[in-house]
Amino acid sequence: MRRLKAGRAFEIATMKLLPTLRDFLGRLFNKRLTRVIVTVLPFLLGILATVYVQNFLRPIPILAFRMDIGMAALVFGVFLTLLLGAYFFGDESRGWFARGEMEDVRREMDENRRQFIRRLDHEIKNPLTGLQAALVNMSEVSVDSDRHRAGENARHALNRLKRLLADLRKLAELEERPLERLPVDIPALLEDVVDAIQSLPAAQERKVNLMIARVPWPFPPVTGDRDLLSLVFYNLLENAIKFTTRDDSVEVRILEDGKDILIEVADNGAGISPGELPKIFDELYRGTNARGTEGSGLGLALTRRIVVLHDGSLDVRSRQQDPRGTVFTVRLPVTRR
Amino acid sequence: MKDERSLILLADDDPSIADTLAPFLERAGYHVLTVSDGAAALDKVHSHRPALVILDVLMPRMDGREVLRRIRRENLWLPAILLTQVGESSERALALEEGADDYLNKPFDPHELLARIRAVLRRARPGERSLSTSWILSALDLTLDRRARRASLKGESVDLTPKALAVLEYLMTHPDECVSRERLLEAVWGWEYPAGTRTVDTRMAELRRTIGDDPEKPRYIETITAEGYRFIAPVKGG
């Protein structure tokens, strides 16, 4: 009975003592200085041991090597120091590396922003110059037909600015507006988009081949915003029409592999140079082909953004000769049942 | 009305807009009063009792929404058009919540503003609440609860996508008016879509299917060839 009591008392005492001890040790080890000392200690002890044992010079055989105790102590000390260092300061060094990485990302973002502003400045400058000239013409010419022409020019410049503004707003809104998530029938959507494209004045007498595989089962739906997805294919097709001539062909192909739906918009137009290919998705980037054509320079950036918001991907392949052409590939995950 | 011409109060803090819109509206036959901030707009509503007020959303001293909220709190039901600065969809939904009869995204064609003004004035019944400020709208068997975002047919709830519901809402608050597809796009989607008119037609087909309206013999929504759509059933607010 008494022993039991004593045992119990001891148990209670340890129970009380243990947390305090743990607490004390915890606090001790949380101090940076302690951790540094504990880490470096084995190394210092190793050196001391080496110096001290040197006097005895009593080599001991370890396997095939011959090694004196002092050397062994040093190696063991260094090893322990490295181990403790990795344990105590691993996180810290990771943080230090990450900080460098973040610095890089920030620098890149700054550069992107500056580039965006430079390009925006350029995109606004041109239509504004046109507008200014048209207004001067309007107030200076007296013939009605000339005034009418000046008015038309002003309206043209205005429409360019409005389109730029509208696309900028779309880009901004994509980040803020919640995405509609409903099942979308991609083949039906593509048929609508191809119809819409072919009713454009620029696409008169142009043929777009739409190829939809129908065997053995219909395409599974994609979850997303039908209107935004139709904008994706509209932009890609409009580009294909814009950068080809009547002698070239434009094709839209759709396939599925059970996980994704794959949509390709292909043409055999002039193609994009390898140097420009990685930049075409940049906001307001204009390739040499795109100079002098209509467009805000935001279409592909917007298209890519929408695809990414749908957990998909947008890629491009292009060649300028033997044979030439461009293929945009959109990959969209199908709805899981 | 002392003058035969209707008095329009135009509140916008940007002089380049107020100075160019006012003469345009005067030429169209209205009397126009311009102010450049929200507080002044509220004063003029009290002192001049305009037939219609056009409010910019972003204004110094009091923004357009706050002005409208105060006007409605005083049980003044004069028609109001909000000019929204940014095309955020949340802002368009709010415009209705604060009791705007219509709204336009900047930049807009002045002719579009004129069309809005005419439609809103034609619909307005002096001193009465307009449909735009009613939470529950009903027409024949169809009821729309705007706050709950729910439509029902003969008391049975029907399943509509948010876009289709917003289309129905816009049509029901603008009954007997020919609403173009472009107008619907701007009001409901907030963007101009290049393939937009088809986008509208797709939603319209969904809406008609759901409420069981035959496009050949419509009870609710009539198609006006090459123009747009019109809600033909009489709408009651509540």
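Let's start in chain B, where strand 8 and strand 9 (residues 156-158) pair in the antiparallel sense over 3 bridges. Strands here are DSSP runs of E with at least two residues, helices are runs of H or I with at least four, and both are numbered from the N terminus; two strands pair if DSSP finds at least two bridges between them. This is a predicted model, in which local features need pLDDT of at least 70 and side-chain atom pairs count only at pLDDT 80 or more, while totals for chains, interfaces and linings use all residues. Residues are numbered from 1 along each chain as its sequence is written, and chains are lettered from A and ligands numbered from 1 in the order in which they are written.

Within this pairing, L153(B) has E156(B) in strand 9 as its bridge partner. The hairpin has 2 residues between the strands, and K154(B) takes a positive phi near 50°.

Now step back to strand 7 (residues 142-145) of chain B, which pairs with strand 8 (residues 150-153) in the antiparallel sense over 4 bridges. Here L142(B) stands opposite L153(B). This hairpin has 4 residues between its strands, with R149(B) at a positive phi near 55°.

Most residues other than glycine have a negative phi, and most peptide bonds are trans. In chain A, D322(A) has a positive phi of about 45°, and it lies in the loop between strand 8 (313-319) and strand 9 (325-333). D322(A) is exposed, with 5 other C-beta atoms within 10 Å (exposed means 12 or fewer, buried 20 or more, partly exposed in between, with C-beta atoms placed from the backbone). Finally, a cis peptide bond joins V215(A) and P216(A), with omega about 0°.
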